[in-house]
Amino acid sequence: MPPFRKTIILLIDALRYDFALYNASLKDDDTLPYQNKMPVFGEIVKQHPHQALLSPFMADAPTTTMQRLKGLTTGSLPTFIDASLNFASEEIEEDNIIDQLVRHGRRVTILGDDTWGGLFPGRFSRSHLYSSFNVMDLHTVDRGVLSHLGEEMGRGDWEVIVAHFLGVDHCGHRYGPNHPQMATKLAQMNEAVLQVIAGMDNDTLLLVLGDHGMTQTGDHGGDSREEVEAALFVYSPALHLPSPPVHTLPVAQVDLVPTLALSLGVPVPFSSLGKVMEDVLVTAGMSAEEAEKQRHLGLHLNVQQVKRYLTAYRELGNSYPQDLWHKLELLEGKALEKSSVGGQRTAFSEYLTLAKLMCEEIWARFDVQEMLSGLCLMLSVLLMAGLLIHSSALTDIKTHIIKRLLILTVVVNLLFALSLSFGFVIFGYAANVLILLWMYAHRQHLTVSQLDFKAIDCIPLLLVSFLLLGSFSNSFVVVENYVVAFILLSCITLYLLLLMLEIVSKKLSSGKMLKVFGNAFSVTCGTGWAAAVVCVRCSGWFWRCREEQHWCLPGQAQVPLSGLPQHLHNWRYFTSVLPLALAVWLPRRWLLLCGNLNGSRVGVVLARTVPVACSVLVAVWWAIQAVMAAHNLDLWGHVIPPRVIYAATAVHVAVLACVPLLIYELPPAASRKSQPLVSDNPSTLIPHLYKSLMEKYRTQNSKGPTIPIVYGLATGLSASMVAVLMVVVVVVVLVAGDGLSGAVLLLVLVAAASLLLQALWKLKTCHNLKELARPGWSAACLWFTLSIHGFYLTGHQPTFPALHWSAAFVGVEGAQSVGNWAPALLVGLNTYSSYLLLGLALPLVVVAPLALSVVFPSLRGSRLEGDEISRGEFLLVEEPDMLRESLMSTALSYIFLQAAKVFCTSLAAFVLRRHLMLWKIFAPHFIFEAVGLIVTLLSVLAGLGFTLRVQAALASWGERLVKAA
Amino acid sequence: MFEQTGPHATNLLVLKNILCLVFGVGVLWTIVLSGYELASSLYSLRAYSLLVVLLEGVCRYLTPASSSEISAIAKAKTKKHSKIFETFLVVLLSVCSVIGTHVVVVLFGAYVIENIEATFTLSLLVASLAFIRPLITLGRSAVINLLERQNIESEVKSFAVLVATWAGAFPIPLDWDRPWQVWPLTCSIGAILGELGASVYFLSVLWSKGGTQWKNKARCFNQWYGEKFLSGQTDDTSCEPVYKQYQQCVKDALKKLKIEIPKIEDPSADDKPKE
């Protein structure tokens, strides 16, 4: 005879333990919005100490709702990587409590979150499910549940009711716990619990529980105390608990399954690892002896079930740690020997605890062989990339080598996939050997031709290697945002110092300060340095605190506009829109200065309008969000503006990829007349400069009397790139949210200042175009450090609680319509925005010196031949091989550094796999870096492809012009 | 500096560097003895900065203002201004350098308001070691002179101090919870260690370049004096090659140290044995 006939489970999503605690010593005025709002638990426990129990309910990370539901119904431990499946609710195929209930004729009614419908299709006798995907919506699910709960409880056709409330969780996501809305929501939940208690029968068990907690910003997913400590409240009039202990002991979430199964009289699910809460099995009607027997029986059943599972798992060919398994067998024997019931019970308890511990340990098992093979493969690929960068293979790229390289890539990947899918590590090593053999076979192409490392290359490499070595120290990983900023500042300052040395050495022995540092070049250097340094220093405003940074106070930038108090709304809106406007206006100003926004080519028209229109739309969308925060959002206002922006961006990028030229040819007939017009505007130097270029053409074929005047030709390569980047920046700001638009602006500014310094250095030191177009390691190091700095600058940390889940809902409403890839993609875009932007912008590093020397001729170094250089980027258009080579070497260096970072983080995770902080620090760090590398690879490829496309278009345009002349 | 009155200026330079060493070791010792207690460490750091600046000032005062260290143009300019104006300018630039260092330290990540006393102490230390001393020795165009590498002592010292201070930031994040990891002690200790290292290096350069040749010459002279002069031969040509080598070496060293020498007089035969 089971202790209870019926059970009601109220699952309040994200009900943290301290939400449910009642602290009588707090005055009403002093309470935070989430404190003391659910007095019902405290009151009931006080009134019926033997019938009710409130305790912390410890979740296992990852604390995402989907993972928790799986854990709560199957009773098994989660695996680390499962978190990614949160967006894809899949049917549970393991044995679970719902199946057991249904199989034994219990009828289950479900109300609330529709995740349940996806997990257990067709199991429920009655259901009222509501879409859970729109986190902005606080009320639909809860109102739906509340409107049906009373009615369903009144019906007689159920044994179990599960009601899943989502409002608290959504309120956390939207406003965070410290918001008046949270108080309202918790009060509503309090009311609901009261009503259920009032309507309960005597033989019904009520469980109120949270599946996870939330951080101070209202997010969850990680393993911080705030996230794993949910609340569990047990109450039944029939219950008879022993007198309450002084300290309420925490209950593990896996313990729910055996407790629920045994109290309802169904078998415990096969893979459950929980330990039954034996006190809950005792009802008031039992005598002390019966109660003891009941507890013993419960534990005994539980032990048998766990043993069955462990044995089955072992028979599948898995092994347990020898000592633990031996200890377990000993314990089991001891339990059977023991004559006293009490002694047996202690042994059972110990058995269950130990079994869970053992499983926790082996679930986190490391396959050292596979890890080693992967690390070796990475190392040899890094070696190959390093050789390629410095070898002669780059200087004259031969197609057959490229072809063989591609074949090698395919074969290596195939081998590795084989090793993964069949578990033969030997294939991994074979791939490794193959790469080494390939390198040996092509050694004449891979010989390092010239290694000329100068101070400007060596010191940044040294700095970056500090950064990479920091991956092995948990304290450096924890404060990596500070370390990266420091290294970046050092790199930038190094540029300034070397530039100053260069300037002084050229003007030997002129002792006067003003004479040496008073010219335009020096002033630009100083300004660029100051701007970069100040921007890097200001990035502290946008940093997110990770759990281990106990000194760190969370900034307001992480809180969305709707979560801020009312009096800050205008200020926040202004400080969000201004950076956005600047981030669009500054590149636009640059393009105007270069003369790339003249005329009526399709690309030009788009570049003039789309970024501006998109940014206006973003500002409007923010306003809509803020104004409508109080109301339940209208679908149109919520979804349409972002979607329009996405569409416009796609069109913009696609059109620019097809017709990438942002130049304007003056009609030949009008050219003579318009010449004075050109000189009216001194800022557009390009026509004048181009005139000299065309002079050459005219002398070659003297029959053409007219000089074509073309605007923006000297910056033709970079202009299209800038036009694409402008609109990508707008999308990044949109996805980053209003609080972080300043961060994106800072990122753009630091990148621009770095480009400036790099270009100035090149212009000062280079003798010819070949050197000028080859940025070298220093630029790659700067760009690499900047990309990591950008990751932190945009409010991220390499930990799972720090992911910006709110980005998943920008322009997406409801999971069904778009599938699961769109939210995942948006969160990825938010997280890796800096990798994306800097990867795309990498070709600018190559062309920046040329563009700068044309637009600001006063910055041109004296070492360069003046006449040639005035043709700007068109020089590279005419030398496609040189362009390809320098793009290739820059991209390879940049990717090399990123891959080296991944290698270091994975090596750290491998070496320190027994470290206390592995799951908190090293493993997430590795995962974030690895995904970042993939983003980098894709974006660098896209950037290179686009640049080559622009080059081809410009070259064919030039040919046509020559032919026409 | 030591070309006019030779041994006097060189001795002064050596003395100054030895004093620098003593001061540096002394302040490190004080800090360690106090158990890295912040308030007293900051006090001793500030005292050390002042002491170092004073030492430099005294040395500058004792060295005749021949200003070979200042380039020719700067020298010409100096004459136009009065000495007081020059001094005032140096003081002003020194104050500016302290403020500038403070700003840079803050830009590199120090707190703006919190720990401002500690940050300022560090700036004072770094500025006095790396900027104020060259300003005193080289005059107001010190920055340019440093970048032009005209004075090896100031250059090596400023560079070493700056780099060592920068490197001193690296132990801060480690979670060892040692008392010396407190801001700004690591950077300050780094700065002092840099200064000590540079002083030792400079002394060793002075010693090795002058020293070995001098020893050779002394040995030869002793030999000559004992074997020949005392037995009545006054012909001193036997030591001529060694002496020439010595002379050449001194010239090279001075050149390497970028110390201008107006002219080295040909030594008369009489001086040599007397030396």
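How much area is buried between chain B and chain A, and what share of that area do carbon and sulfur atoms give? About 2,200 Å², with 75% from carbon and sulfur; buried area here is the accessible area, with a 1.4 Å probe, that two parts lose on being put together, summed over both.

Some ground rules. This is a predicted model, where local features need pLDDT of at least 70 and side-chain atom pairs count only at pLDDT 80 or more, while totals for chains, interfaces and linings use all residues. Residues are numbered from 1 along each chain as its sequence is written, chains are lettered from A and ligands numbered from 1 in the order written, and side-chain values use heavy atoms, leaving out hydrogens and water.

Now the interface. Chain A puts 29 residues into the contact and chain B 21, contact meaning heavy atoms within 4.5 Å. On the chain B side, Leu107(B), Phe108(B) and Leu147(B) lose the most area to chain A, together 30% of what that side buries.

Next, one helix pair. H22(A), residues 520-538, packs against H4(B), residues 83-107, at about 50°, with the axes 9 Å apart. Trp529(A), Val533(A), Val534(A) and Arg537(A) meet Val104(B), Val106(B) and Leu107(B).

Methods. Axes fitted to C-alpha atoms, helices over the stretch in contact; angles between N-to-C directions. Helix = DSSP H or I, 4+ residues; strand = E, 2+ residues; numbered from the N terminus.
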